[in-house]
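Here are some notes for your first look at this model. Keep the structure open beside them and check each point as you go.

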Number of protein chains: 2
Amino acid sequence: MPLQRPKIRLFVEAVLDSETNLELDHDQCHYLLRVMRLGPGDEVALFNGRDGEWRAEVLESGRRACRLALRERLLAQPPAGDLGLLFAPLKRARLEIMVEKATELGVTRLQPVLTRYTAVRRLNLPRLAAHAREAAEQCGRLEVPALAEPMALDEVLAAWPVARPLYWCDERGGGRPAAAVFAAASSPADLLIGPEGGFAPDEAARLEALAAAVAVDLGPRLLRADTAGVVVLGLWQALNLAKK
Amino acid sequence: MPLQRPKIRLFVEAVLDSETNLELDHDQCHYLLRVMRLGPGDEVALFNGRDGEWRAEVLESGRRACRLALRERLLAQPPAGDLGLLFAPLKRARLEIMVEKATELGVTRLQPVLTRYTAVRRLNLPRLAAHAREAAEQCGRLEVPALAEPMALDEVLAAWPVARPLYWCDERGGGRPAAAVFAAASSPADLLIGPEGGFAPDEAARLEALAAAVAVDLGPRLLRADTAGVVVLGLWQALNLAKK
């Protein structure tokens with residue numbers, strides 16, 4: 001019978017093993033004790049991206065501190081995936097939602113890229129990382145996607161590894177249908193969506209000239225960038241699920 | 001050479017033909033004249049879900065009024081699709097985003113359904129309808145999805161037409177992979193996603209017993225309801241695009 005996983009899950013940095021007692025930081029204490037109203041004897045699941053998922057029990061809960069004891073490993077750490085999403089920054093609310101959904105959909109690396117028509121140039125990376133962490137806690141993943149510093153698209157493409165496929169959404173309709181392309185694809189790979197204004201002509205030309213880059217088409221309707229990000233990842237995962 | 005479509009698009013209720021001059025309502029005047037800063041001689045595209053897309057020219061713009069003259073039909077009205085999304089109401093922000101994205105992804109009917117575990121029971125339908133209309137204007141569609149009054153899931157299932165497929169996302173992993181199922185499916189059809197808490201056991205049993213209902217699986221991660229809605233529609237459309 002599979003072990004019952006506690007519904008409340010927390011990502012922690014600490015090593016997780018049977019010897020561990022750990023002290024949560026202030027924010028996580030607040031969440032467990034005040035928001036979720038847990039107390040001594042209650043259980044949570046912990047994961048750190050390396051040591052699987054563990055059942056932990058609240059030992060003590062003071063005003064500002066919360067100590068947990070690890071009880072048993074519920075799940076082994078699965079092999080790390082390798083699926084990146086490259087995206088131009090968007091306005092805050094849309095970006096946060098896209099990061100949340102990309103995390104639910106199993107992305108392992110989030111790479112902001114600055115393009116010619118990217119209107120938003122500044123990102124609050126710690127805040128975005130917190131969104132990714134919370135989404136991982138909520139959706140049952142055992143790792144949190146890495147969030148990279150923004151890079152210029154030109155630089156990213158100039159250093160692109162020859163052997164790593166880069167599937168880019170060509171909103172001009174230049175590619176083959178994404179479902180047909182992804183049905184024959186597998187990770188490691190990266191998916192690239194442009195900004196709201198699309199790629200500049202020279203950026204599209206550069207992508208077309210890149211041997212590792214494959215244009216894909218998401219259909220006749222103009223999708224917002226955040227919609228395209230969710231759809232392309234959902235499609236990738238659904239087609240990979242169907243192959244099993 | 002295809003006709004250039006004005007980027008600013010408005011959904012209107014009026015008949016659109018070459019004889020038409022029309023007066024916009026207060027909100028649309030405000031949007032065109034104050035937000036987008038159009039004036040006499042500027043162009044917009046109009047659609048009403050029946051008569052295709054038309055180029056219109058601003059004739060007069062007073063403080064609170066805006067008169068337009070129709071110039072030419074840019075696109076014929078495409079055949080109406082028939083793809084419904086049945087969803088349990090969510091908190092406002094998530095629901096609005098899901099409606100926006102469902103519209104971009106070509107849904108033609110939005111049917112809120114109340115299930116046992118639906119936490120949100122009240123909906124602001126006019127506001128949701130406005131979100132759908134704005135998303136249609138923005139994504140280039142020529143129709144706005146119909147938004148129905150909420151119904152109890154039990155009632156919806158009791159009256160379900162035998163010949164109309166209902167694909168429901170079974171978060172317990174009970175169905176075949178959605179991509180495999182959808183690859184052999186086509187509209188007319190409906191897609192059903194449950195609330196954040198999933199379907200109650202008796203609801204799942206009722207769906208399993210319904211001849212027209214087909215369970216599909218969206219993968220091992222627990223998707224939020226709004227994520228599932230976007231993914232299932234995006235997948236449906238991408239697989240249909242790949243068939244052409």
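1. **The contact between the chains.** Chain B gives 28 residues and chain A gives 28 residues. Two residues are in contact if their C-beta atoms, placed from the backbone, lie within 7 Å. The most comes from α7(B), with ten residues. By class, this side of chain B has 16 nonpolar, six polar and six charged residues. Ala, Val, Leu, Ile, Met, Phe, Trp, Tyr, Cys and Pro count as nonpolar; Asp, Glu, Lys and Arg count as charged; the others, Gly among them, count as polar.

2. **Ground rules.** This is a predicted model, in which local features need pLDDT of at least 70, side-chain atom pairs count only at pLDDT 80 or more, and totals for chains, interfaces and linings use all residues. Residues are numbered from 1 along each chain as its sequence is written, while chains are lettered from A and ligands numbered from 1 in the order in which they are written.

3. **Chain A overall.** Chain A has seven helices and 13 strands. Helices (H or I, at least four residues) and strands (E, at least two) are DSSP runs, numbered from the N terminus. The C-alpha trace of chain A spans about 60 × 40 × 30 Å along its principal axes. Of its 244 residues, 40% count as buried. Buried means that 20 or more other C-beta atoms lie within 10 Å of the residue's own; exposed means 12 or fewer, and partly exposed is in between, with C-beta atoms placed from the backbone.

4. **Two domains.** Chain A divides into domain 1 (9-75) and domain 2 (83-243). The bounds come from an automatic or database domain assignment. The domain centres, taken over C-alpha atoms, are 33 Å apart. Eight residues of domain 1 of chain A are in contact with six residues of domain 2 of chain A. On the domain 1 side, strand β1 (residues 9-11) of chain A gives the largest share, three residues. That side divides into four nonpolar, two polar and two charged residues.

5. **The five-stranded sheet.** Look for an open sheet in chain A with the order β1-β3-β4-β5-β2 and mixed pairing. Two strands pair if DSSP finds at least two bridges between them. The edge strands are β1 and β2 (21-23) of chain A, and each pairs on one side only. Neighbouring strands are turned by 40° against each other on average, direction ignored. Axes here are lines fitted to C-alpha atoms, for helices over the stretch in contact, and angles run from 0 to 180 degrees between N-to-C directions.

6. **Two hairpins.** Five bridges join β3(A) to β4(A), which run antiparallel. A:Val44 stands opposite A:Ala56 in β4(A). The hairpin of β3(A) and β4(A) has five residues between the strands, and A:Gly49 takes a positive phi near 85° there. Next, strand β4 (residues 53-61) and strand β5 (residues 66-75) of chain A pair in the antiparallel sense over eight bridges. Four residues lie between β4(A) and β5(A) in their hairpin. Opposite pairs include A:Arg55 with A:Glu72 in β5(A), and A:Ser61 with A:Cys66 in β5(A).

7. A:Trp54 is found in strand β4 of chain A. Is A:Trp54 buried or exposed? A:Trp54 counts as buried because it has 23 C-beta neighbours inside 10 Å. A:Trp54 and A:Arg73 are 19 residues apart in sequence, yet 4.3 Å apart in space, C-alpha to C-alpha. Leaving out residues up to four places away in sequence, A:Trp54 touches several residues, among them A:Leu16, A:Ala45 and A:Leu70.

8. **Back to chain B.** α2(B) has 13 residues and reaches 18 Å from its first C-alpha to its last, close to the 18 Å expected at 1.5 Å a residue. That expected span is 1.5 Å times one less than the number of residues. Buried residues in α2(B) include B:Leu95, B:Ile97 and B:Met98. Their cover includes α2 (92-104) and α7 (225-243) of chain A. After α2(B) comes B:Gly106, with a positive phi near 85°.
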